[in-house]
Amino acid sequence: MTDRYKRLLREVRECTDALQDGGIILNSAHEIVWFNSAVTNLLGLDPARDRGQRVDNLIRHPDFVAYQEDPQGEVVIPSPRDPERHLAIQLVPYGKGQSLAIIRDVTRQIRLERTRRDFIANASHELRSPLTVISGYLDALAEGGELPESWEAPITETQRQVDRMTTILSDLIELTRLESSEDEAEYEFIDVRELLEPIHAEFSNRSKSPRLELRLDAELALLGNESEVHSIFFNLINNAVRFTSEAGDIQIQWRRDGAAAVFSVADTGIGIQEEHLPRITERFYRVDKGRSRETGGTGLGLAIVKHALQRHNGRLSIESQMGKGSTFGCHFPETRVVSPRSPQRVVVN
Amino acid sequence: MKSGHATHSFGENLESVRTAVLNMGGLVEEQFERATRALSEADSELGLQVANDDSKVNKMEVSIDGECSRLLAAPGATANDLRLILAIIKTITDLERIGDEAKKMGMLAAGLAAVERPSTNYRDLRNLARHVKEMIHRALDAFARLDDKEALEVVKSDDIVDEEYETIYRQAITFMMEDPRTIKRVMDITWIARSLERIGDHAKNICEYVIFMVYGEDIRHTGLENIEAAISRANSKQKPSVD
């Protein structure tokens, strides 16, 4: 009987040692109980000495220490043995407070991701300068009045398309910038009213706009990066305007939600089918191939909103009903909100 | 039974302070890593961020210091415990200083990001920084594992850092004499090298506290031969138990 267990145990050990990924078993006090041999290679733990040691005594990276307090998803840190290598660590809780840490080498993925980002950033920059030249000549042609009348329509259309390409490129550049800045946004004071009113006025003055109503709590201010917050507001309002008919209504709100704050845009537009909602913030994702291109979207607006919000520790909520309209909400946490009134008063309100 | 419980929780508290020291060490390592990256990638924003984040390190020092005062006043500490607490109080001072040096490096790197870079992109400095980073990392590992052998190795490796610093310093003088227009930049580089050298010394100090914790002998300022002699003397006696 004991022989059978010994054999079984040996087999389990041989098997776990053959794994490429690292595994560490931790007890409820975060002390190392056991790990396989991949961990020695990935993290530099010593099987002869490190059992019983608290895991964050040896894996000391601040990101891991913070993740350990509140393990959600996974954390990526440079390997303590070689800063060029990146490791993704995931803590899986089980039993009575024990947990299993799974460690994967993600150096290749991270490098690929970086290459992709650099490529998009470089390509967008390179494409922008020839576009500026084209658009300059087009403007000269359109204003010159030397061309036969039959050329007027093609030139206008070309101008429109060049404008569109310029918007796509600047959106792409903006998005890559947001993606590559991993840290959270700064905490600069933003007067939301001063930011929102000009955007509201800009859209209201357009000839074919639906009715836009703006309701805001002028005392409620935000801490963040002004240009990114501007992007969030502008893109959401722009989307609402594009998908709502002239007879429709758009409600823009900036209000408290307990100690937190919400910016929301509700329209009475065409709505989005439920199956599209999970993917709608992906770049270039189109709900309907035809319609958004007609209305001049770049396909990047929501991706920008999502990333900019993430940098502000915020969350995007989407509710939509076909034919009735959609509501997009940006939820900013308490740490990002400044309000002169005391929290008690807010609850009463 | 009751007193048994009390000593048990003393041990637990001590252990959690030890972990806090190592977490502080992790933060300092990261600060150092980012300061170095700010230099090599000419990232002025990152450099200023490092300078800004130094307050986190300072806060941790204050909090650990408070914990140690409480532990010193608590009953039930053994000689070993007291040695550990003493070593912790000293270690966090050195860690805080490393944080200060990283802050200086970050500010200098932010300034250097704006000026012309040498074709080597500060290869000498980056090499020195790599050695120093390894020293900090190994010192903290030795602290976690109470590993006197590793600690001694780190103490020894400080000589290499000192030599590299000396080389950079001499080179800097030559540069400044050749072309006085470079003086401002080269001075900044020398300051960074100086910070790196100081950080190496702080890592070395931490290792000396580790040896003190393990053997109970103060080996500071005694020279390498004496340190080794002290260790072998202590080994021939009974090594005091660590746990």
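What percentage of the 243 residues in chain B is made up of buried residues? In this predicted model, buried residues make up 43% of them, a residue being buried if 20 or more other C-beta atoms, placed from the backbone, lie within 10 Å of its own, exposed if 12 or fewer, and partly exposed in between. Local features need pLDDT of at least 70 and side-chain atom pairs count only at pLDDT 80 or more, while totals for chains, interfaces and linings use all residues. Residues are numbered from 1 along each chain as its sequence is written, with chains lettered from A and ligands numbered from 1 in the order in which they are written.

Chain B has seven helices and zero strands, and its pattern along the sequence reads α-α-α-α-α-α-α. Helices (H or I, at least four residues) and strands (E, at least two) are DSSP runs, numbered from the N terminus. Of the contacts in chain B with a separation of 6 or more, 81% join residues 24 or more positions apart; two residues are in contact if their C-beta atoms, placed from the backbone, lie within 7 Å.

Axes are lines fitted to C-alpha atoms, for helices over the stretch in contact, and angles run from 0 to 180 degrees between N-to-C directions. The contact of α3(B) with α6(B) has 13 nonpolar, five polar and nine charged residues. Here Ala, Val, Leu, Ile, Met, Phe, Trp, Tyr, Cys and Pro count as nonpolar, Asp, Glu, Lys and Arg as charged, and the others, Gly among them, as polar.

With α4(B), in turn, α6(B) packs at an angle of about 20 degrees, the axes lying 9 Å apart, and these two helices are therefore roughly parallel. Residues making the contact include Ala139(B) and Phe143(B) of α4(B) and Cys207(B) and Val210(B) of α6(B). By class, the contact of α4(B) with α6(B) has 18 nonpolar residues, one polar and no charged.

The largest nonpolar core has 91 residues, and those with the most contacts inside it are Ala139(B), Cys207(B) and Val210(B). A nonpolar core is a set of buried Ala, Val, Leu, Ile, Met, Phe, Trp, Tyr and Cys residues joined through C-beta atoms within 7 Å. Apart from it lies another core, of 35 residues, including Leu236(A) and Trp254(A).

Between the chains, 14 residues of chain B are in contact with 12 residues of chain A. Nine residues, the largest share of the side of chain B that touches chain A, come from α1(B). That side divides into four nonpolar, five polar and five charged residues.

In chain A, nine of the 11 residues of helix α10 (residues 301-311) are buried, so this helix is largely enclosed by the rest of the structure. Its buried residues, among them Leu302(A) and Lys306(A), pack against α6, α8, β11 and β12 of chain A. Just after α10(A), Asn313(A) takes a positive phi of about 55 degrees.

Notes:
Parallel < 35°, antiparallel > 145°, perpendicular 65-115°, else oblique.
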